[in-house]
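User: I am new to this structure and would like to learn how to read its features. Could you guide me through them?

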Amino acid sequence: MPTRRKIIAYLATSADGFIGRSDGAVDWLDRPWPKGAYGMPRFMASVDTVVMGRKTYDFGRAHGTVGVPGKRTIVLSRSLRAEEVEGAELWRSVPRLAKELRAGKGKHVWVMGGAEIFGAFLDAGELDELILNVVPVLIGEGIPLLGPKRRTRELRLRSTRRFVDGVVRLHYELSPPAATGRGGRRRRPRRSPA
Ligand SMILES: NC(=O)c1ccc[n+]([C@@H]2O[C@H](COP(=O)([O-])OP(=O)(O)OC[C@H]3O[C@@H](n4cnc5c(N)ncnc54)[C@H](OP(=O)(O)O)[C@@H]3O)[C@@H](O)[C@H]2O)c1
């Protein structure tokens with residue numbers, strides 16, 4: 001039976017919970033990758049679509065890389081015009097995009113970030129899984145993984161993995177959004193663990 005297509009956020013954070021410095025810099029991610037490259041090749045083989053926010057797109061463009069070669073690349077923005085976007089599709093609405101992605105057949109979808117887009121998918125109830133590579137470094141200030149306005153969401157820990165260089169991968173499944181939450185996609189509640 002084919003696997004259900006999932007929308008998966010996969011990001012790296014500092015040990016103090018930032019995805020980038022305040023100016024967006026991710027120099028603290030520039031470190032030698034251990035053998036196996038944190039399992040990235042396997043993850044990359046499981047996705048055919050990459051979704052990013054406009055600021056991540058801008059950052060990639062400024063550094064000469066937009067998206068991942070061979071994968072459908074999507075940028076979310078309300079300010080960009082279609083003719084300004086190169087090497088990616090432009091979408092303006094997370095719920096509409098998620099609906100299209102879930103209706104289509106294919107491999108899983110990687111929500112690459114940044115934090116705003118991660119929060120937007122979370123708030124829309126459109127994330128199935130969250131994979132965090134926690135890098136053993138404190139950077140003191142920056143862009144938090146989740147902005148302070150977000151509500152509480154339960155996560156189910158699926159696996160952890162410690163890599164030789166001290167990076168820890170936390171792999172979570174997301175529970176349905178709370179019934180009182182804004183804009184959440186209602187799903188049938190899971191049974192209580194008791
Ligand atoms: N550590 C990591 O794993 C990782 C991963 C990815 C990125 N990053 C870093 O994160 C930084 C950027 O993150 P960020 O959180 O500041 O920005 P971001 O999420 O990349 O982009 C934010 C932009 O996305 C658009 N957007 C946000 N919500 C939207 C919605 N609901 N519908 C449509 N468009 C929406 C808006 O674009 P408009 O303003 O154009 O409307 C908004 O300004 C970059 O510096 C990058 O290097 C780190």
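**The sheet and the ligand**

Analyst: The model contains an open sheet of eight strands, with mixed pairing, in the order S5-S4-S3-S6-S1-S7-S10-S9. Strands pair if DSSP finds at least two bridges between them; strands (E, at least two residues) and helices (H or I, at least four) are DSSP runs numbered from the N terminus. This is a predicted model, in which local features need pLDDT of at least 70 and side-chain atom pairs pLDDT 80 or more, while totals for chains, interfaces and linings use all residues. Residues are numbered from 1 along each chain as its sequence is written, and side-chain values use heavy atoms, without hydrogens and water.

User: Which strands stand at the edges of the sheet?

Analyst: Strand S5 (89-91) and strand S9 (155-162) do; each has a single partner strand, so one side of each is left without a neighbour in the sheet. On average, neighbouring strands are turned by 25 degrees against each other, direction ignored. Such angles are taken between axes fitted to C-alpha atoms, for helices over the stretch in contact, and run from 0 to 180 degrees between N-to-C directions.

User: In which sense do strand S7 and strand S10 pair?

Analyst: Strand S7 (residues 129-135) and strand S10 (residues 168-174) pair in the antiparallel sense over six bridges. Leu-132 stands opposite Leu-170 in S10.

User: Which residues come nearest to the ligand?

Analyst: A residue is near a molecule if one of its heavy atoms lies within 4 Å of it. Of the 25 residues around the ligand, Ala-12, Arg-54, Thr-56, Ser-77 and Ser-79 come nearest. By class, this shell holds 13 nonpolar (Ala, Val, Leu, Ile, Met, Phe, Trp, Tyr, Cys, Pro), five charged (Asp, Glu, Lys, Arg) and seven polar residues (the others, Gly among them).

User: Which backbone atoms lie by the nitrogen and oxygen atoms of the ligand?

Analyst: A polar backbone atom of Ala-12 is 2.8 Å from a nitrogen atom of the ligand. Oxygen atoms of the ligand are 3.2 Å from a polar backbone atom of Lys-55 and 3.1 Å from one of Ile-117. Polar contacts are pairs of N or O atoms within 3.5 Å.

User: Where is a cis peptide bond found, and which residue has a positive phi although it is not a glycine?

Analyst: Most peptide bonds are trans, and most residues other than glycine have a negative phi. Here, a cis peptide bond joins Gly-113 and Gly-114, with omega about 0 degrees; Gly-114 is in the loop between S6 and H4. Ala-37 has a positive phi of about 50 degrees and is found in the loop between strand S2 (18-20) and helix H1 (40-46).

Conventions: Polar contact = N/O pair within 3.5 Å; in protein donor to acceptor, adjacent residues only side chain to side chain.
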